Amino acid sequence: MTRISTLLIALMALLAIPVNAEDVLFDFQNNNGNWPVGEGANFADGNITTLTWQNVTLTAIQGESANPPRLMTNASRGTCLWLYKNTSIKLGAPEGKAITKIAVTMQSGSFDLTPSTGTMTEDVWAGNASEVTFGPNANSTRYVWAMTVTLADENNETVKPVAAVEVDDIATFNALEAGTLAKLKLTNARVNGFYDLRGANYVEDASGAVAIKGITLTAGTALNGYVIGTKSDDGSYDMDGEIKEYSLTADESTTFKATSVTLSGSVMAVSAVGTQANYGKLITVENVAVTGSGQNKTLTDASGNTIKARDLMGVLPADFAWPEKASKLTGILVYNVTGWFLMPISADAIVAAGTQPTTVTFDFTSPTIRENIGEAMTDTKGYIYNETFTADNVTLQITAGSAPSRIYVDSNRGQNLVTYKDYTTLTFKAPEGYAITKIEFAAAGNSNINNFTASAGTIEGMTWTGDAEGVRFAQGGTSYLANAVVILAAKNETTTTLPAIGYAECANIAAFNALDAGSYAKVTLTDAEVIGKSADGYSTVWIQDATGGCWIQYTSLNGQLNELTKINGTVYVVKRLTSGNPQMKEAEDTPKSEIAATAISNYTTVEGTLAEVNVAANLNKVVKLTGTTIEETSASAGKLTQGESTIDLNNGTATANQQLYKIADWEKDKKLENVTIVAILVAKSATVNQLLPISVKVEEVTGIASVAENRNEKADIFNVQGVRLNKVQKGINIVNGKKVFVK
């Protein structure tokens, strides 16, 4: 018996069979971990970062998806783990344990996410690893009901993750040895294009370019965050065997965010293009002759220098006719068997010499001007906060002013663009090598552009004339526009450049508040708290950091600015003052505002007496007052007093963008005593402040609130808020001045 046991143990060790197996069930269908679950419009409530159940961790990896993995419930699917396209999940064993099996129960379909180690048979994974990553999900959303994770003691066969080498830019990554696992930091790294035959996304930052494989990226986006993967030199080689392509094969992407950017190549002389240093970069060559048969083309400049070009990405139509001469061609540099090639990124990236349209129209009446068009003035889907439109290589960037600009259908004017005064900008830019000499605006109904201020040139009637690479219009009033016709000409020695906007660097909100109105600023937000939103949910947001508070109004960040969140990042804004309140408005600039938000449980508050907190330094910050009295109330306003000090309260209405909508049950002439109030201190005018309540709590329930004389005179039964009742109700009642509890 002893010999059999010894033999069995030796055999188990030889075969690395794990012992002490135990199962851990993530039962999403029945929510055995009592995790937050999203439902309906509150889908984000179920967003996952990490779930821990019986010491097993499940980590969500969002990747490029707009949605992270989340727990969701609905009538047709029940409660599931939703894994959106381009997302991944990672399961990790507790210390000293290994995962040997994961059985997945799907609501529908199959669990087809590729594992980082081990093998999948149908919906069951088998292996021996301290952690395993599934994904990214290459298909549509997958719905998981349950995952049973089998654990055993780790052994010498257990696969453990290798620590990734952290690198700060692409050039540093390219210098790593092949086979190195790296965590590559992406800082405004632009996706130039995708070559599906190699499965390569060509990504460029300020230091260089690399091919990223294994994840789905979108051309014309800027990436900020991290991607984890293995360095590879297995791309294209020249005839001597020298590597010409560096690539990163992604194991997972972590917390990188993609934002839309314009694809604009670096203009280079043809003689300087074909070098290893330019591999993967987006490059523009100008004034080249195009020769060659089929799709293999040679680009030759006036000095006889050449570079090859070919539609390796398959972006040109089958009937595309290459011009005999191109005024410019923009493509990604790669090495392909016989030498360096430029891969055009689109048909529009090949501009035939002399074929740039001299007349370009931005037609705001067209149903294709943009995806979302408002059906009325107040339809938020038509709003424009900071948006760039392109027509025949001419760009128009529009930012919001005292209200969002918008494209909507008006019953009298038809579909049109309406822009508002006070820091709205409309910026037109000509393509490379051209100048704008005239812009003819057409009004939608009774309108004019005499209230515009141009960065160059002159305005007469509805026409601007000048000679500039770009022109910026600052708004001075409301305008309704049907279209804008831009006239181009080749630029010359008299063509002026578009003046750049200078942004003051502000390390915090207090530094921004100290700027003069009209100043442009790049503001760093560090643990800034979102402390309130206007009743309409988009027009005004209040934020505070450790140094001060301010408004943010009409911004493309609206969907990310939610109450009880802490934000970190950078915003490009212009300073406004409204009734004495400092206010940020998103401003025109190539860099986009970028923030990251995390939930918080409470706001940082300034506590003291009313006289102590009602000072300029606390404007737009959360204050807390105790022992106060609220009186002179209506459904939307009131007055708060403490000793000799008094201040207006504004409870808010749905139409006012300066007000919170927190307390819905105030009644006319109600008086509340011994109140603790948490509120935002704001300026009501240049000389008078007011409070926007967040919460109101009556600290004692033994008193009866004052009631107006026109109420019922008999005052026998009240609830704890001081409201008269016809009869006692369940809970605490005040009967003839005494507390009575009714079951």
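Which residues of strand β25 lie on the covered face, and which on the uncovered one? Val-360 and Phe-362 are on the covered face. Thr-359, Thr-361 and Asp-363 are on the uncovered one. In a regular strand, side chains alternate between the two faces of the sheet.

A word on the source. This is a predicted model, where local features need pLDDT of at least 70, side-chain atom pairs count only at pLDDT 80 or more, and totals for chains, interfaces and linings use all residues. Residues are numbered from 1 along each chain as its sequence is written, and side-chain values use heavy atoms, with hydrogens and water left out.

Strands here are DSSP runs of E, at least two residues, numbered from the N terminus. Two of them pair if DSSP finds at least two bridges between them.

Back to β25, residues 359-363. Five bridges join β25 to β37, residues 479-490, and the two run antiparallel. Val-360 stands opposite Val-486 in β37.

Next, an open sheet. Five strands form it, in the order β27-β28-β31-β36-β33, with antiparallel pairing. The edges are β27 (386-391) and β33 (453-454), each pairing on one side only. Inside that order, β31 (425-429) and β36 (470-474) run antiparallel, joined by five bridges. Leu-426 has Phe-473 in β36 as its bridge partner.

Last, cysteines. Cys-80 counts as buried because its relative accessibility is 0%. Cys-550 is also buried, at 0%. Buried means under 20% relative accessible area, with a 1.4 Å probe and protein chains only.

Notes
Helix = DSSP H or I, 4+ residues; strand = E, 2+ residues; numbered from the N terminus. Buried < 20%, exposed > 50% of the residue type's maximum accessible area, 1.4 Å probe, protein only.
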